[in-house]
Amino acid sequence: MMVTSASNIPHCSYSPFPIINKQIHPQSWGNGNPSLSLKQAMKPSSCTFSNEPQISFIDAEEKRRFKWVEIGPGITEGQRQAIDKLPFKMTKRCKALMKQIICFNPEKGSLEDLLGAWVNVMKPRRADWLVVLKELKIMEHPLYFQVAEIALLEETFEANIRDYTKIIHGYGKQNRLREAENILDAMKRRGFICDQVTLTTMVHMYSKARNLKLAEDTFEEIKVLGQQLDKRSYGAMIMAYIRAGMPEQGEGLLKEMDNLEIYAGSEVYKALLRAYSTNGDTDGAQRVFGAIQLAGISPDAKLCGLLINAYQVAGQSEEARVAFENMRRAGLEPSDKCVALVLAAYEKQNKLNKALEFLMDLERDGIVVGKEASSILAQWFKKLGVVEQVEQVLREFAAK
């Protein structure tokens, strides 16, 4: 940039003729720094002292460069508390950068310049970068992603494909699809080849965003790699189908996994069972419930409750009762939720006598009806207009 001064400094006068003779125009200063080209073109012919305002050229990069200054006392209370919470065992090198980031002010320079100054002054290694990024992530600092992206380009960080995958995963958890896709594109441009882990992360992201088409396309990319798909890749695609309201397609992939002796995680089975349960698809719920046991996963009260709920939604109270009794025979303690679901199934079919018989059996076996089941009963009795019975039931349950 240009600045004027009126001090008594050595002054170099420039002859205009070399410029005219070499036919240098502003348009032909080249692709580099315009001010640098101008200085090269204007060759001094003599140097004198002058009190007149002179023009001097200052390197723009020099002006933009971040000045590394230790954090002093003039910080806010919030910044002081954040600094005090930094791990005691954190190295001075890492702690110095963390202080600068916590107190970062964009008016004093860019984040890129700050990190560049840290590299020049502190000479960090990859381990130092990882410590800083981990701490920023724990703090949920708003500059975490920016620092992580800048680090990818720093030679001292020694970026690998997993570093890109972590950022993509982080953006995916926040449903920031465009940023995640930008990182994926940058990774490809820098010569990294997408592997199953990275593509599976993308399937997860598209699944959460309920973009089934992109999830399917990415899943096909994984297959093209020619490697055996693992349970994470299958699980991500099954979840995409579940979120898209297509549990049958998800179950199809589950069967494909069984044929390959690959077993999904319990959360995938539970999500598929819940999808069928919510829709009242009793056949689908029973199939998945059976698959859960074949996969060596022991059903708990929550899984049994999902099966009972499928029968409740479908209006099959007797089947709901059978599923409840099977749970008890398996040695599982029925939750109040399960009791409430059986009562709701009886209410849907208006089978009051069956419900009362069910309650008597529970009382005989020492099972106490809890708040949720009591609420089902109270609402049901009120609909029937049996106010006295409601009050009596509530008193009895309150006394237990």
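View 1. At 18% relative accessibility, Asp361 counts as buried, where buried means under 20% relative accessible area, exposed over 50%, and partly exposed in between (1.4 Å probe, protein chains only). Helices here are DSSP runs (H or I, at least four residues), numbered from the N terminus, and strands are runs of E, at least two.

Before moving on, a word on the model. This is a predicted model, in which local features need pLDDT of at least 70 and side-chain atom pairs count only at pLDDT 80 or more, while totals for chains, interfaces and linings use all residues. Residues are numbered from 1 along each chain as its sequence is written, and side-chain values use heavy atoms, with hydrogens and water left out.

View 2. Arg328 and Glu325 meet through their side chains at 3.8 Å, N to O. Both lie in helix α18, 3 residues apart, about one turn of the helix. Arg328 is partly exposed, at 24% relative accessibility. Through shared partners, salt bridges join Arg321, Glu325, Arg328, Asp361, Arg364 and Asp365 into one network.

**View 3. Arg162 with Asp195.** Side chains of opposite charge can pair when their charged atoms come close. Here, the closest N and O atoms of the Arg162–Asp195 salt bridge are 2.8 Å apart. Arg162 belongs to helix α9 (residues 161-173), whereas Asp195 is in the loop between α10 (177-189) and α11 (196-208), so the pair links parts 33 residues apart in sequence. Arg162 is partly exposed at 31%, and Asp195 is also partly exposed at 21%.

**View 4. Ala127 and Cys94.** Look for Ala127 in helix α7 (residues 126-139). Its relative accessible area is 48%, which makes Ala127 partly exposed. The C-alpha atoms of Ala127 and Cys94 are separated by 9.7 Å, and the two residues are 33 apart along the chain.

**View 5. The whole chain.** The chain holds 22 helices and 4 strands, and buried residues make up 40% of its 400 residues. The salt bridges come to 16.

Methods: Salt bridge = Lys/Arg side-chain N within 4 Å of Asp/Glu carboxyl O.
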